[in-house]
Amino acid sequence: MEKYFQLKENNTNVGREIAAGVTTFFAMSYIVFVNPQILSLTGMPSQAVFLATVISAAIGTLIMGLYAKVPYAQAPGMGLNAFFTYTVVFALGFSWQEALAMVFICGIVNIIITMTSIRKMIIHAIPETLQHAIGGGIGVFIAYIGLKNADFLEFTSEAPDVISANNETFDAARETYQGGLNTIVTGGGIIPDLTAFTSPHVLLGLIGLVLTIILLIANVKGAILIGIIGTTLIGIPMGVTDLSGLTNPSNSIGAAFSDLGITFGAAFGSEGFGSLLADPSRYALVFITVFAFTLTDIFDTIGTFIGTGRKTGIFTLDDEKAMDEGKGINTKLEKALFADAIATTAGSIFGTSNVTTFVESTAGIGAGGRTGLTSVATGIMFLLAAVFSPVIAIVPGAATAPALIVVGIMMMSAFGEINWNDLEEAVPAFFASIFMGFAYSISYGIAAGFVFYIITKVVKGKAKLVHPVIWVTAALFIINFIVMANI
């Protein structure tokens, strides 16, 4: 094991890697429960989506660990699952089976892009300043996720600022909504504020944050994982850690396997590809949808790898050069990109939206994970989650939120590599990093960074220095934004 994963060369050991893998799992384990909640709104069986989520995450993460040998975990992506449900199914009118078929196409496109070196070109084209901005931006993003999950923030929106409710135009005079309120979209009038630290959940999150920071500053090994476990235990007498999930019959694996037959392979049935290809008038809409899926998936993954890999040394500048000069799939970065593409394809077959590399992998990396053994540990945890889902379910969000916050703090050190006194560097770096957190999307942050990078270079008379890939990618993002805004 030590030889296969080159543990000594990466200054790590088996214990540290396993602890890091478990840390990553707990930091992202919420997806096991949140993904079924979102996708089941389309009519997909919740238990089937639960099992599809677990299986696809395990497959993608194990491939990442055993083949690419890097400490990144994969699972159905947040944002992509919301796009699947609220845009593709609700707004565009596709069935969930047709949506799965388009996710499968996206996976095949990603494989082709990886095999034909297009992803290599994209990575090689990203300026070093923007790479550091992406790394720091991921820190902002993941810390913001942690602050939100801990309920440290609350948001106020007046009725005139609410745009839609349950995907329908909001009517302030309307008193009832069938099935209750599920989703509210509000405009720029929303006001963030610090929450009142009165609820047990918020107080537990604060206790967990202080505990985790103390452990980290004291250089305690496995500090982040100890923080998660310790906070979960503290939450029992506080009434936040809900032990009733241990005996919940709805968490039965037998029920999940029974429902999995409904979603497994549904993309290839008459209601999937059969229906999707039956109406030529929808082909243009199908193309746009697959394009949106693919663009987001590609840049979420590239952003995560570049942003975290450069800072930690997992992916070095030499790796990028070797990838650019070599042929085939030989470097760690190329293999990681290939593993990511395979995972989306597998996920669509089992019955879930796009599988992507999770930014929460930084929790395990922050805990010392440096090799594929970390991913193997995370992948095994996902498999165990199928059997021991009640145990996983009792870990409250207040226990994992502190891990995300402290890892975000560590990631933001990448900002130190940017010359903030030079506006030519600072402007695109600012938009790339801040948009990442505030727009809740790595790919949107990259899009903003690319656009303002082009603007600054054009104004300075350096347009020729902008790589053609940056021009093309920025144009594709703008086209995507325009099209999606008019759907």
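**View 1. Aromatic pairs across the structure.** Welcome to the model, which holds 21 aromatic pairs; rings of Phe, Tyr and Trp (its six-membered ring) pair if their centres lie within 6.5 Å. A pair of aromatic rings is described by the distance of the centres and the angle of the planes. Planes under 30 degrees apart count as stacked, over 60 as edge-to-face and the rest as tilted. One aromatic cluster is formed by Phe299, Tyr444, Phe450, Phe477 and Phe481. Please keep in mind that this is a predicted model, in which local features need pLDDT of at least 70 and side-chain atom pairs count only at pLDDT 80 or more, while totals for chains, interfaces and linings use all residues. Residues are numbered from 1 along each chain as its sequence is written, and side-chain values use heavy atoms, with hydrogens and water left out.

**View 2. Phe104 and its two ring partners.** Let us start with Phe268: its ring centre is 4.9 Å from that of Phe104 and the planes are at 80°, so the pair is edge-to-face. Because Phe104 lies in helix α6 and Phe268 in the loop between α11 (253-263) and α12 (273-276), this pair ties together parts that are 164 residues apart in sequence. Helices here (H or I, at least four residues) are DSSP runs, numbered from the N terminus. Phe104 counts as buried at 17% relative accessibility, whereas Phe268, at 41%, counts as partly exposed. Buried means under 20% relative accessible area, exposed over 50%, and partly exposed in between (1.4 Å probe, protein chains only). Now turn to Phe273: the rings of Phe104 and Phe273 have centres 6.1 Å apart and planes at 90°, so this pair is edge-to-face. Phe273 lies in helix α12 and Phe104 in helix α6, so the pair ties together parts that are 169 residues apart in sequence. Phe273 is buried, with a relative accessible area of 18%.

**View 3. Where helix α5 meets helix α6.** Helix α5 (residues 80-91) packs with α6 at an angle of about 115°, the axes being 10 Å apart. That makes α5 roughly perpendicular to α6, a label for angles of 65 to 115 degrees, with those under 35 roughly parallel, those over 145 roughly antiparallel and the rest oblique. Axes are lines fitted to C-alpha atoms, for helices over the stretch in contact, and angles run from 0 to 180 degrees between N-to-C directions. From α5, Phe84, Val88 and Val89 meet Trp96, Ala99, Leu100, Met102 and Val103 of α6; contact means heavy atoms within 4.5 Å.

**View 4. Asn110 in helix α6.** You will find Asn110 in helix α6 (residues 96-115), where Asn110 is buried with a relative accessible area of 0%. Neighbours within four places in sequence aside, the contacts of Asn110 are Arg119, Thr294, Asp297, Ile298 and Ala341.

**View 5. Thr344 in helix α15.** Thr344 sits in helix α15 (residues 332-350) and counts as buried at 0% relative accessibility. From Thr344 to His132, 212 residues apart along the chain, the C-alpha atoms are separated by 27 Å.

**View 6. Val458 in helix α21.** Finally, look for Val458 in helix α21 (residues 442-459), where Val458 is partly exposed with a relative accessible area of 42%. Apart from neighbours within four places in sequence, Val458 is in contact with Ala463 and Trp471. Val458 and Gly227 are separated by 48 Å in space, C-alpha to C-alpha, and by 231 residues in sequence.

How values were computed. Helix = DSSP H or I, 4+ residues; strand = E, 2+ residues; numbered from the N terminus.
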